Amino acid sequence: MIDTGGSVREGRRLHAAIRAVTAKPIRYVINTHAHPDHAFGNAAFAREGAVFVGHRHLPRALSERGPFYLNAFRRLMGDVLDNVELVAPQRQIDDAERLDLGNRVLTLQAWRAAHTITTSPSWTRLRERCFAGDLVFLRHIPVVDGSLRGWLAALGPLAALLPAASFWVTDR
């Protein structure tokens with residue numbers, strides 16, 4: 001599972017959608033970065049037994065910024081954010097790491113500060129897909145709480161990873 005959504009409610013819906021297709025275990029939950037719309041659904045997967053995976057700076061970002069995001073979003077969204085847990089990754093990516101899923105190998109790349117300080121897009125060559133974790137946006141520049149220069153510098157290497165790939169833009 002890559003990015004669990006912006007609330008436990010949304011995470012539960014994602015979990016149910018997965019279960020509608022397969023009963024196979026969810027081995028990994030990958031958070032591409034610490035923004036609420038990517039990590040606030042983690043609690044829906046916490047009891048699954050999956051290993052949470054993310055950038056080496058993700059635990060710090062969740063502890064420093066998570067409470068602010070939670071309080072700010074709760075003022076706007078109310079009880080939608082009930083049951084949110086800031087779940088830090090048990091497995092942290094420092095550079096690049098491969099996760100062998102059996103019939104597919106997923107490669108995770110820890111980027112220097114770009115969209116955030118914790119951006120870790122992932123890609124697979126089997127189907128030439130890249131989950132860009134908000135490094136790629138359509139028709140606008142992303143919110144940057146990492147480094148605008150780092151984000152600009154990441155675009156070329158990111159595009160070179162899979163020149164023929166389809167990018168999955170995870171921001172809704």
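**Aromatic rings and nonpolar cores**

At 29% relative accessibility, F73 counts as partly exposed, a label for values between buried (under 20% relative accessible area) and exposed (over 50%), found with a 1.4 Å probe on protein chains only. Keep in mind that this is a predicted model, in which local features need pLDDT of at least 70, side-chain atom pairs count only at pLDDT 80 or more, and totals for chains, interfaces and linings use all residues. Residues are numbered from 1 along each chain as its sequence is written, and side-chain values use heavy atoms, leaving out hydrogens and water.

Let us look at the rings. A pair of aromatic rings is described by the distance of the centres and the angle of the planes. Rings of Phe, Tyr and Trp (its six-membered ring) pair if their centres lie within 6.5 Å; planes under 30 degrees apart are stacked, over 60 edge-to-face, and the rest tilted. The whole structure holds three such pairs. One of them joins F68 and Y69, tilted at 55 degrees with centres 5.9 Å apart. Here F68 is exposed at 56%, while Y69 is buried at 13%. Y69 also pairs edge-to-face with F73, at 6.4 Å and 75 degrees. Ring pairs link F40, F68, Y69 and F73 into a cluster.

In the largest nonpolar core, which has 14 residues, V29, F40, F45 and V84 touch the most other members. Such a core is a set of buried Ala, Val, Leu, Ile, Met, Phe, Trp, Tyr and Cys residues joined through side-chain atoms within 4.5 Å. Another core, of nine residues, lies apart from it and includes Y28, I30, L99 and L108.
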